[in-house]
Each structure stands twice: as structure tokens, then as C-alpha cells.
Amino acid sequence: MGSCWITLIVLFQFGDELQTTQLQFGFKAKSSTNLGLCTFALKEALSYYATNQSNVFCTFLDATKAFGRIDYCKLFRLLLKRDLPACILRVLLCFYTNNFVRVSWCGLFSEYFLATNGVKQGGVLSPVLFCVYIDDLVRLSNANVGCFIGSNYAGALAYADDCSLPLLLRYARC
């Protein structure tokens, strides 16, 4: 059985353990496939604070080539905290720590070498693993950092590898 089938089984069997915050909009089942919903949420949060005459500063993060920069140690610690079975973690760890790749350029190929970080481009499980990887960043509500509309947190929004962090100034009136 190929690794693609195994990753599909992992997604099907352990999808609940791999769920991320509602503030992540891309790379998720039952989530918008376009940037519109995330942009709408950000615009509404900014509009709310502007209407209430409060200053909001927003930081944007474009995590270019983010899939290739994921640290395996951190990723597998995060997966371990999500109570995935040890046997599943071992299989995934084997897939990622024994991942040999080579570069193709103008029809020429390099020697194979070991990929020491990153999730597989085009891999079925890769987008979900990326969302798990950045989930703590998006969960800043636990630290009371960022914007709230009533009890709803709107201080960190993510669509795939793009994140926005609207920050409310301390002296704001809302």
C-alpha cells in the first residue's frame, strides 16, 4: 500500500485529532477554498474597531515556502500532544525522516539526498500538517492578545500560509 493511501486513512480515521482553530480558513475540510471568507472576517473586525473609534494595527505574514521550512521535531511534538496513536506517529515519522529527494533542472538530475525538514509538496496530508504546525500562532486568544468582538476572538486569522494579526492598542475604547 502506497504512502498516499496511508495518509488518506490517517485523515479519515484521525481527522478530529487534526482539527485546528476556526480562525484558519485554508487547507481545511468544510472551509472556504477562496480567500474571501478570511478577508471578510478581517474587514469586519477592523470595521468594528474603527466604528468604535479605536486604533488597530495589523501585521501580515506571508510564510513563503512555508511547507519546506517545517521542523520535524516541533511538528511531531505537536502531533503527539494531539493524542494520535504511537503507531501512526511512527509511520508518519518514517515517511518524513526517510524522505530522499533530488533536484531536476533542465532535464538533469542531482544525486538523491535526505530532506531534513518540510512536508511533502502536493502530499495529501501536508496541508493539514501545516495547519497543525501554525495552530498555536493562530490561537493567541488564550493569551488575550489581539482583537475581540464581544467574546469572539478576531486577533489572528490565517489562510494557508498567509496570516494577519490585528492588534488593538491598550488604550482603545472598546
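**Entry 1: getting my bearings**

Helices here are DSSP runs of H or I with at least four residues, numbered from the N terminus. With that in hand, I looked up Asp-83 and found it in the loop between helix 3 and helix 4. I am working from a predicted model.

Is Asp-83 buried or exposed? I noted a relative accessible area of 63% for Asp-83, and exposed means over 50%, so Asp-83 is exposed. I also checked the backbone: phi of Asp-83 is near 60°, a positive value in a residue that is not glycine.

I moved on to Arg-82, which is found in the loop between helix 3 and helix 4. Its relative accessibility is 18%, and the cut-off for buried is under 20%, so Arg-82 counts as buried. What does Arg-82 touch, leaving out residues up to four places away in sequence? I listed Glu-17, Leu-18, Gln-19, Thr-20, Val-132 and Asp-135.

I then turned to the largest nonpolar core, which has 38 residues. Which of them touch the most other members? They are Leu-18, Leu-75, Phe-76 and Leu-79. Several elements give two or more residues to this core, among them helix 1 (3-14), helix 2 (36-51), helix 4 (86-97) and strand 9 (162-168). Helix 5 supplies the largest share, seven residues.

**Entry 2: helix 3 against helix 5**

I wanted to see how helix 3 (residues 72-81) sits against helix 5 (residues 126-138): their axes come within 10 Å and cross at roughly 85°. Angles of 65 to 115 degrees count as roughly perpendicular, so helix 3 is roughly perpendicular to helix 5.

I wrote down who meets whom. Helix 3 brings Lys-74, Leu-75, Leu-78, Leu-79 and Lys-81, and helix 5 brings Leu-129, Val-132, Tyr-133 and Asp-136.

**Entry 3: helix 3 against helix 4**

How do helix 3 and helix 4 cross? Their axes come within 11 Å, at an angle of roughly 165°. Angles over 145 degrees count as roughly antiparallel, so helix 3 is roughly antiparallel to helix 4. I noted the crossing of this pair as right-handed.

On the helix 3 side, the contact uses Tyr-72, Phe-76, Leu-79 and Leu-80; on the helix 4 side, I found Leu-89, Leu-92, Leu-93, Tyr-96 and Thr-97. The contact of helix 3 with helix 4 has eight nonpolar residues, one polar and no charged ones.

**Entry 4: two more stops**

Gln-53 lies in the loop between helix 2 and strand 1 (56-62). Phi of Gln-53 is near 55°, which is positive in a residue other than glycine. Gln-53 is exposed, with a relative accessible area of 54%.

My last stop was Thr-7, whose place is in helix 1. At 10% relative accessibility, I count Thr-7 as buried. Apart from residues up to four places away in sequence, Thr-7 touches Phe-95, Val-124 and Leu-125.

Technical notes:
Residues numbered from 1 in each chain as written. Predicted model: local features only at pLDDT ≥ 70, side-chain atom pairs only at ≥ 80, totals over all residues. Heavy atoms only, no water. Axes fitted to C-alpha atoms, helices over the stretch in contact; angles between N-to-C directions. Parallel < 35°, antiparallel > 145°, perpendicular 65-115°, else oblique. Contact = heavy atoms within 4.5 Å. Core = buried A, V, L, I, M, F, W, Y, C linked by side-chain atoms within 4.5 Å. Buried < 20%, exposed > 50% of the residue type's maximum accessible area, 1.4 Å probe, protein only. Left-handed = near helix turned anticlockwise from the far one by under 90°. Nonpolar A, V, L, I, M, F, W, Y, C, P; charged D, E, K, R; others polar.
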